[in-house]
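Below are my notes, in the order in which I would walk through the model with you.

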Amino acid sequence: MTSLDRKLIRELWRLRAQVLAIALVIASGTALLIMALTTIEALEETTAAYYERTRFADMFAEAKRAPEYLGRDIAEIPGVRIAETRIVEGAILDMPGFSEPVVARLMSLPERGPELLNALVIRSGRLADPTRPDEVVVSEPFAEAHRLKPGDSFDAILRGRKRNLQVVGTALSPEYVYAIAPGGLMPDDERFGVLWMGRDALAAAFDLKASFNSVTLSLLPDANERDVIRRLDGLLSPFGGIGAYLRADQTSNWFLESEIAQQKNMSRIMPAIFLAVAAFLTNMVMARLIQTERREIGLLKAFGYGNWAIGWHFAKMVLVIGTIGVLMGSVIGAWLGHWNTELYTKFYRFPFLLYRPGPAGFVIAGAISLGAALAGSLAAVRSAVRLPPAEAMQPPSPPIYRRSFAARTVLAGALDEPSRMILRRIIRWPVRAFLASLGLAMSVAVLIMALQWVDAIDSLAESVFERAQHQDATVAFSDLQPIGAIREFEHMPGVLAAEPYRFVSARINNGHLIERQGIVGVPTGAILSPVFDVERGRLEVPPGGLMLSVKLAELLEVKAGDTVVVELLEGRQPRVSLPVLQIFETYIGKPAYMDMAALNRIAGDGRVISGIHIRVDASSRTALLTTLKDTPHIAAVLFRHAAIDTFYKTMGETILIFVGFFVAFSMTLSVGVTYNSIRIALSERARELATLRVLGFSRWEISYILLGEVGLLTWVAIPLGAVIGFSLAWYMTSAFETELYRVPLVLRDATYGKAALIALAATLACAAIVRRRLDKLDLIAVLKTRE
Amino acid sequence: MEKDTSATALQARDLIKIYRMGTVDVHALRGVDVDLREGELVVLLGPSGSGKSTLLNILGGLDRPTSGSVMFRDREIDMNNERTLNLYRRNHVGFVFQFYNLIPSLTARENVALVTEIARDPMPPSRALAMVGLGDRLDHFPAQLSGGEQQRVAIARAIAKRPDLLLCDEPTGALDSKTGVLVLDAILRINRELGTTTALITHNAVIAEIANRVLYFADGRIVETRLNSGQRAPSELAW
Ligand SMILES: Nc1ncnc2c1ncn2[C@@H]1O[C@H](COP(=O)(O)OP(=O)(O)OP(=O)(O)O)[C@@H](O)[C@H]1O
Ligand SMILES: [Mg+2]
């Protein structure tokens, strides 16, 4: 081993605390990127494998009641590989010990043989016996929420008739990876469940003998999807078909894909910003570390070592530190990625999980981290080797010394000597002081960016659930009801107000752009659930046209004043041109609204409603729930408080945990940078401080001289960090946008405060550690060896 | 020993060095001509700040003159060529710094090895250290050595590569006379045994008596050159 390598090993060991701190900074950036990338990879891979193994259908269509023989015609549509008909109905369950009515989806199992498409994965027990009409298989998350085991039973209201159903098994289905009630936003396993039962039993209960009301298809690879949809719609429309749709629009899959898209978005933006910040900090810290080696670089040059040899020597040092960081980051990142993916499977139910991270994430993260470290240090090495050795071996002199204005002010006279030393150093090396501040500011900024999520989600929930909606519950009917049905609800116990709505499945077309998006009809003067713009608040719906959300307008490439073609997919299935009257902003989904009366006129089913929003007097809630459980024609009851709960629960366990990692890593960043800044300042000044000690300064005074500078720079860093943090948050919220969510840019004062406190705490902790070293400063050794 | 007839090892002409500091120019060298003959031992004497270190740094290729030329063995050294300077330092020059400049994380032996590893015809580090009387301190770190011992390690480091030129900037500045004698002895032995051309800066006029020639410096110029008729051995000196 050469002496240079020996020196390298001993220096690394001597600087081990700093090495670890830098490695942690690198590890943070690496770990986050790897976590995000591998989570996506795992979700995508698991989804693909699950869909394939269970033969998840390519196309779905519903009708009111189609004769069974139509199934053969459907199977013969060119491009169709397999068509499977079935019965899908809604029911209200009365779960023992649960006061609220539970919404259930009932799905038929084939009478004979296995499911051709959308096969169930049995998790416990067995499939229902077709000859026993009361046997059901329940979805596993629902079974878990209600602690159901095979052998248990519960009551269900099927078409107004109460039946006792026997649980024989639990299962997972590719159609309900993300199991949400119709109209819901987040899975609520207590209030929504899926039941599978024999086809004959279901047909008997819903009067659908020799008929079906749902069909799923798998297509041949070269199928023309549009053509298949057109033919299928043609076959089903006489039987109440409401328009076929592709897998992409299937609810569970749509949410799953949105989630993956959102993860991709997040992994592109946040870890990228984070890695960039980590890279910048690594760069900065390494550059400063090398600057402290300036004298030795000069010495090596004086001995005749070439620039390449010197460069390689330091490159090795950086590579060792960087590799430690990347390795730590890879291990932590892979572990977190696995953990994070498992978290997702609480909401996205897969029977198995494929976490097999490929090399891409590791290579990208490693290359960026090492590259940044190398770039930073080699730039510093380059500037050091450029100097003639005689100069490099001298301590660097301040750029140009002139008595600055600040030094001459009255203030300067009022300061004691140690304070003046601090100020002088900052004034003489303003660039270095600024970079040190900037480093700290960047760690404050990422902290703010991460914490901003909490504010954003609160504000999103407030906007959606508090300001936009005022109903306590929404009751969705299983069939259209005459508008007069509202009176029945108004007279139920505890109902304070009721407001109807109409919902029609629809396709909205602008030229070749098509969006499948149901239209909500809102009555004039709606107050419980009006059209709500995040800024303008409640909007009145003018008759005769559409109100589109910004996202939908973007997808369709229309603006207010344009005309779109609307195909209603129910009833007479009219196709009409409608003007876009207004565009409004909302944080969730891509809704479209119309005046209810106008929508009813177009649909041509008379004055009907799909459901009602109600306000409930809290004291009569239980009585109302009991009444609702026995009310016919109800497909779903959605409670706003439950929606808020599940919203926070879902967010809390997905995004907020993700954000939690960012906060933790930002703190690591902050500690790593601060510790290094102070340690480097110490090694730059050890001689000077030792001399001052010898000259009679006390331990506290020299601590103050060293740490006062860091403290002062921290105060500068915090407002700077707040500004940068705001910009990062702004960038992130504008780049983070999916069909499902937009995130508002909201930053509470408390968030800045929290970030500032964390940064200050990091500085204090590091200062305390370094101060202990200062107490142990070996005066003689420092002065003798001229370190 | 008269060396008037031997070849010129190093020849510097009209060296000027100006340090620019903002609006103020410091003239460290104001036109210096100097010749070092092969095997000669030259001492530079002069008041503090007169430019001695600056000259030695330029002669050793550690710094660039503002103008002027340096010829080593009849070949001009291109002061602007990084590579040339580097090879010159590596292959021909041994430098002893005013401040010892040892690497704190390396032992005495390793500090010497740092140089011998890239030299063309070095002696083993242990031999170089033995020559300066540190044969038994090979594995001590600089912090475990006294100032004089550190200075001797620095000398061992400079001589271990058997340089053609040995340039010493106040090698005895911080030492008592007994240790100073040891250090000078070591330098003289190299000069004699290996025929190394040697230049040595000192503030101590007594030390000048070991030299073949003494150059007096003042205010960036050589103001006087004196030939010693007979060199004295360091052990005969006392200060
Ligand atoms: N890097 C520098 N920048 C500016 N001025 C310098 C620099 N190095 C030396 N000087 C100035 O050049 C002049 C000559 O310095 P030099 O170090 O050569 O003196 P010296 O003769 O070696 O003195 P001493 O005996 O005290 O070591 C001095 O006035 C010094 O202040
Ligand atoms: Mg000097």
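1. A word on terms before the ligand site: a residue counts as near a molecule if one of its heavy atoms lies within 4 Å of it. Please also keep in mind that this is a predicted model. With that cut-off, 15 residues surround ligand 1. The closest of them are S48(B), G49(B), K52(B), S53(B) and T54(B).

2. Which elements of chain B supply at least two residues each to the shell around ligand 1? They are strand 1 (8–21), strand 2 (24–37) and helix 1 (52–59). Helix 1 of chain B gives the most, with 3 residues. Sorted by class, the shell around ligand 1 holds 8 polar, 5 nonpolar and 2 charged residues.

3. One oxygen atom of the ligand sits 2.5 Å from a side-chain N or O atom of S48(B). For K52(B), a polar side-chain atom is 2.8 Å from an oxygen atom of ligand 1. For H203(B), the distance from a side-chain N or O atom to a ligand oxygen is 2.9 Å. On its own, ligand 1 has 630 Å² of accessible area, and the protein covers 68% of this.

4. Now to the interface. Here 30 residues of chain B are in contact with 27 residues of chain A. Between them the two chains bury about 2600 Å², with 57% of that area on carbon and sulfur atoms.

5. How many salt bridges are counted between chain B and chain A? The count is 3. E110(B) forms a salt bridge with R10(A), and their closest N and O atoms are 2.5 Å apart. On the side of chain B that touches chain A, helix 2 (82–92), helix 3 (108–116) and helix 5 (147–159) each supply at least two residues. By class, that side of chain B has 15 nonpolar, 7 polar and 8 charged residues.

6. Finally, a look beyond the interface. Over all chains, the salt bridges come to 56. Within chain A, the side chains of E100(A) and R621(A) meet in a salt bridge, at 2.8 Å from N to O. This pair links distant parts of the chain, 521 residues apart. E100(A) lies in the loop between strand 3 (88–94) and strand 4 (102–109) of chain A, while R621(A) belongs to helix 19 (residues 621–629) of chain A.

Technical notes: Residues are numbered from 1 along each chain as its sequence is written. Chains are lettered from A and ligands numbered from 1 in the order in which they are written. This is a predicted model: local features need pLDDT of at least 70, side-chain atom pairs count only at pLDDT 80 or more; totals for chains, interfaces and linings use all residues. Side-chain values use heavy atoms; hydrogens and water are left out. A polar contact is a pair of N or O atoms within 3.5 Å; within protein, one must be able to donate a hydrogen and the other to accept it, and residues adjacent in sequence count only if both atoms are side-chain atoms. Accessible areas come from the Shrake-Rupley method with a 1.4 Å probe; for residues, only the protein chains shown count as cover. Helices (H or I, at least four residues) and strands (E, at least two) are DSSP runs, numbered from the N terminus. Ala, Val, Leu, Ile, Met, Phe, Trp, Tyr, Cys and Pro count as nonpolar, Asp, Glu, Lys and Arg as charged, and the others, Gly among them, as polar. Contact means heavy atoms within 4.5 Å. Buried area is the accessible area (1.4 Å probe) that two parts lose on being put together, summed over both. A salt bridge is a side-chain nitrogen of Lys or Arg within 4 Å of a carboxyl oxygen of Asp or Glu.
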